Amino acid sequence: MAKSPSINVDFKGIQDKLKAQFSGLDPNDPSQWPGLPRNLLFVAVCAAVIAGLWFAWLKASDEELIVEKSREVTLREDYRKKLVQAVNLDALKKQLEQVQQYVTQLEKQLPSKAEMDALLSDINQAGLGRSLQFELFRPGQVSVKEYYAELPIAVRVTGTYHDIGLFAADIANLSRIVTLNNLTLTPVKDRDGVLTMDCTAKTFRYLDQEEVALQQKAAQGAQK
C-alpha cells in the first residue's frame, strides 16, 4: 500500500515573504507596492469611504428626524389650538357679535364732519346751562388719525365749583364722545367761591370716505 506524501509547510518562509512585501514601502507611491499591501490598502480605503458615507447618511437622517420631531410638536400644538377653537366656536361667534355691536355703538357716538358744529354748540350750551361764563372757547387744529379725527378745543370757564362739576358731568353724558383733559382750577381774585377752569376738550368724529381714501393712500406711500 502506497504511503501518502507528507506535506511540509514552511511557515517561516511564508512569514519572511510577507514581511518582505511590507518592508521598504514608499508611502508616496502605493502603486509600486507589492500585491498584498496594495490590496489591503485598497480594502482599507474602501472601508473608510463606506464608513464615512454611512456616518454622513446617519447624521443627515438624525438631523431630519430632529426636524420632523419638532414639526410634529408644532403640528400637535396647532391641532390642540384648533380643536379648542372648534369646541368653543359658538362662544367665539357670540363674542364676535358682542364686539361688533360694541363697535357699532361707539361709531354712533362719533359725529360726522357735518355734525361737528352741532356738537360744539352742545358743549357751549352745557356750560351756559350751568350758568358758567365762557372766557375762551377756541377749536384747534383737527388731527386726523387712521380711523378717526380728533378735534381739541381750548376752554376756559368761570363759575362756582358746584356748577363746574355739573358742567363736567353734562359733558360726560353727551350722546357724542367728549373728554376733558389737562384740567386746572384757579380761584378768581376778590370773588369768593368762584373758580376759573382751564381745560382742553377733545371730541372725535369718524372719517368720511374721501378722508379714508387719503389715509389709505398715505399709508401705502409710507410703505414704499
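A residue is called buried here when its relative accessible area is under 20%, exposed when that value is over 50%, and partly exposed in between. With that in mind, welcome to this structure, which is a predicted model.

## The chain as a whole

The protein chain has six helices and five strands. Starting at the N terminus, its elements follow the order α-α-α-α-β-β-β-α-β-β-α. Of its 224 residues, 17% count as buried. The accessible surface comes to about 17300 Å², and carbon and sulfur atoms hold 57% of that area. Among contacts with a separation of 6 or more, 56% join residues 24 or more positions apart.

## Helix α5 and its buried face

Let us begin with helix α5, which covers residues 161–172. These 12 residues reach 17 Å from the first C-alpha to the last, close to the 16 Å expected at 1.5 Å a residue. Which residues of α5 are buried? They are Asp163, Ile164, Phe167 and Ile171. Looking down the axis of α5, the buried residues fall within an arc of 100 degrees, so they line one face of the helix.

Helix α4 can be read in a similar way. Its 14 residues should span 20 Å at 1.5 Å a residue, and its end C-alpha atoms are 20 Å apart, which agrees. Met116, Leu119, Leu120, Ile123, Ala126 and Gly127 are the buried residues of α4. These residues cover an arc of only 115 degrees around the axis, which puts them on the same side of α4. Asp117 and Gly129, on the other side of the helix, are exposed.

What covers the buried residues of α4? The cover includes β1, β3, α5, β4 and β5.

After α4 comes Ser131, whose phi is positive. Ser131 sits in the loop between α4 and β1, and its phi is near 60 degrees, a positive value in a residue other than glycine. Ser131 counts as exposed, because its relative accessibility is 59%.

Asp190 also deserves a look. It is placed in the loop between β4 and β5, with a phi near 65 degrees, again positive in a residue other than glycine. Is Asp190 buried or exposed? Its relative accessible area is 75%, so Asp190 is exposed.

## Salt bridges

The count of salt bridges comes to six.

Arg71 and Glu68 both belong to helix α2 and lie three residues apart, about one turn of the helix. Arg71 is partly exposed at 49% relative accessibility, and Glu68 is partly exposed at 39%.

Glu72 and Arg76 also lie in helix α2, here four residues apart, about one turn of the helix. Glu72 counts as partly exposed at 39% relative accessibility, whereas Arg76 is exposed, with a relative accessible area of 57%.

Asp198 is partly exposed, with a relative accessible area of 21%, and Arg156 is partly exposed at 31% relative accessibility.

## A nonpolar patch

Our last stop is a nonpolar surface patch of about 340 Å², made by Leu41, Val45, Val49 and Leu53. Leu41 lies in helix α2, which covers residues 35–87. With 32% relative accessibility, Leu41 counts as partly exposed.

How values were computed:
Residues are numbered from 1 along each chain as its sequence is written. This is a predicted model: local features need pLDDT of at least 70, side-chain atom pairs count only at pLDDT 80 or more; totals for chains, interfaces and linings use all residues. Side-chain values use heavy atoms; hydrogens and water are left out. Patches are made of residues with over 30% relative accessible area and no salt bridge: like charges are joined within 9 Å, nonpolar side chains (Val, Leu, Ile, Met, Phe, Trp, Tyr) within 5 Å. Accessible areas come from the Shrake-Rupley method with a 1.4 Å probe; for residues, only the protein chains shown count as cover. A salt bridge is a side-chain nitrogen of Lys or Arg within 4 Å of a carboxyl oxygen of Asp or Glu. Helices (H or I, at least four residues) and strands (E, at least two) are DSSP runs, numbered from the N terminus. Buried means under 20% relative accessible area, exposed over 50%, partly exposed in between (1.4 Å probe, protein chains only). Contact means heavy atoms within 4.5 Å. The expected span of a helix is 1.5 Å times one less than its number of residues. The arc is that of the directions from the helix axis to the C-beta atoms.
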